[in-house]
Amino acid sequence: MHRLIAERGLDDTGFTADDARAVLRDMIRARRFDERALALQRRGWMSGYPPFRGQEAAQIGAAHAMREDDVLLPTYRSNALQIARGVPPSDIFLFRRGYAEYESDHDVPVFPQAVPIASQLPHAAGVGMAATYRDDDYAALVCFGDGATSEGDFHEGLNFAGVFDAPVVFFCENNGYAISLPRERQTASDSIAAKADAYGIEGMQVDGNDPLAVREAVEEGLKKARDGEPVLIEALTYRQGPHTTADDPSRYRDDDPDLPEWRVRDPLERFEEFCREQGIVDDELVESMYEDADEELREAVETAEATPEPGPDELFDYIYEELPTELEQQRSEYTAFVDEHGPFELER
Ligand SMILES: Cc1ncc(C[n+]2csc(CCOP(=O)(O)OP(=O)(O)O)c2C)c(N)n1
């Protein structure tokens with residue numbers, strides 16, 4: 001199992017003080033985003049929200065291992081990873097408010113957040129195979145949870161990647177639960193990483209609450225992937241909060257889950273403490289990281305609130321490059337309706 005901060009000082013990790021500070025900064029940005037998103041959802045500002053609290057080390061560590069041209073295939077819970085890759089937080093807020101995904105013109109190579117569990121895994125195999133066919137050097141990193149490993153798409157994605165030597169890192173955030181189902185009930189396998197054997201690819205486990213260990217493991221995985229060896233990485237972490245804002249975890253688990261201390265310990269607290277012990281941050285710097293994160297969020301909320309509401313006709317815009325005749329007809333009927341009766345008002 002990959003582990004760095006629990007076992008080594010920064011000097012022995014191969015990462016610089018700047019690397020570690022950049023990771024801490026993004027973990028703080030992510031934590032503040034998650035907290036703000038939860039508060040905004042509770043106010044009715046946006047629809048349901050799936051918090052990632054507890055999974056910041058896994059996601060930020062992975063983001064910092066990726067190259068700019070690597071393609072990210074996120075899930076609904078991978079918002080920390082997206083933000084660290086450069087997706088503006090306002091885009092994620094807007095998506096949750098019912099706008100088209102990625103309102104801004106950012107150029108981060110990222111797929112839409114997958115909500116159907118595991119559907120993104122065959123897509124990732126395809127992205128990797130496309131890179132090979134085009135003789136390009138980028139790799140794909142696809143996110144999913146422990147629950148996704150019970151879907152047929154998991155098998156299809158890993159199988160295709162294995163057979164076609166596709167440059168893909170399958171990045172599983174094992175956060176202990178799929179909604180209310182604990183990992184022990186998800187699979188009888190010893191680990192998620194062990195499943196890699198069945199596809200002839202390498203599987204590895206990493207302490208998913210150690211951002212530098214995750215960065216190291218994912219860097220190694222991406223390097224292998226680029227050499228035609230796809231990899232399955234299981235980051236062992238813990239979902240501290242509810243599955244989504246519609247969930248009440250006290251109905252199915254205790255405050256003190258049956259997991260080791262390092263799994264349930266807060267990764268941000270742990271990493272901040274590590275950085276202080278290594279003498280690479282002080283109160284002033286940490287405080288300024290929180291202030292910067294809050295300022296970024298204030299601006300993101302302002303941007304989201306200033307963006308004109310989408311019209312319902314946008315429903316027709318994002319599925320097909322060219323609309324089939326039937327949908328073209330529905331759009332014309334809708335436009336004629338609006339011309340006669342005025343715009344259709346969405347109720348919030
Ligand atoms: C194909 C499909 N089946 C069922 C669901 C309902 N569903 C939403 S989240 C979820 C659990 C997913 O758990 P996991 O893969 O461990 O990811 P996590 O939510 O823990 O990040 C399920 C079953 C869905 N979205 N898609």
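Predicted model: local features only at pLDDT ≥ 70, side-chain atom pairs only at ≥ 80, totals over all residues.
Hi everyone. Let me start with a term: a helix crossing is called right-handed if the near helix is turned clockwise from the far one by less than a right angle. Keep that in mind for the helix pair I'll show in a minute.

First, the overall picture. The UniProt record, an unreviewed entry, gives residues 27-312 the annotation "domain: Dehydrogenase E1 component".

Helix α10 spans residues 267-277 and helix α11 spans residues 283-306. Their axes come within 11 Å and cross at roughly 145°, and the crossing of α10 and α11 is right-handed. Who meets whom? On the α10 side we have L268, E272 and R276, and they meet D283, V286 and Y290 in α11.

You'll find T75 in the loop between β1 (71-73) and α3 (79-85). Is T75 buried or exposed? T75 counts as buried, because its relative accessibility is 9% and the cut-off for buried is under 20%.

So what is around T75? A polar atom of the T75 side chain lies 2.9 Å from the backbone nitrogen of R77. If we set aside neighbours within four places in sequence, T75 is in contact with Q82, Q113, A114, Q120, C143 and F144.

Note on methods. Residues numbered from 1 in each chain as written. Heavy atoms only, no water. Axes fitted to C-alpha atoms, helices over the stretch in contact; angles between N-to-C directions. Helix = DSSP H or I, 4+ residues; strand = E, 2+ residues; numbered from the N terminus. Contact = heavy atoms within 4.5 Å. Buried < 20%, exposed > 50% of the residue type's maximum accessible area, 1.4 Å probe, protein only. Polar contact = N/O pair within 3.5 Å; in protein donor to acceptor, adjacent residues only side chain to side chain. UniProt positions renumbered as here; feature names shortened; annotations may be inferred.
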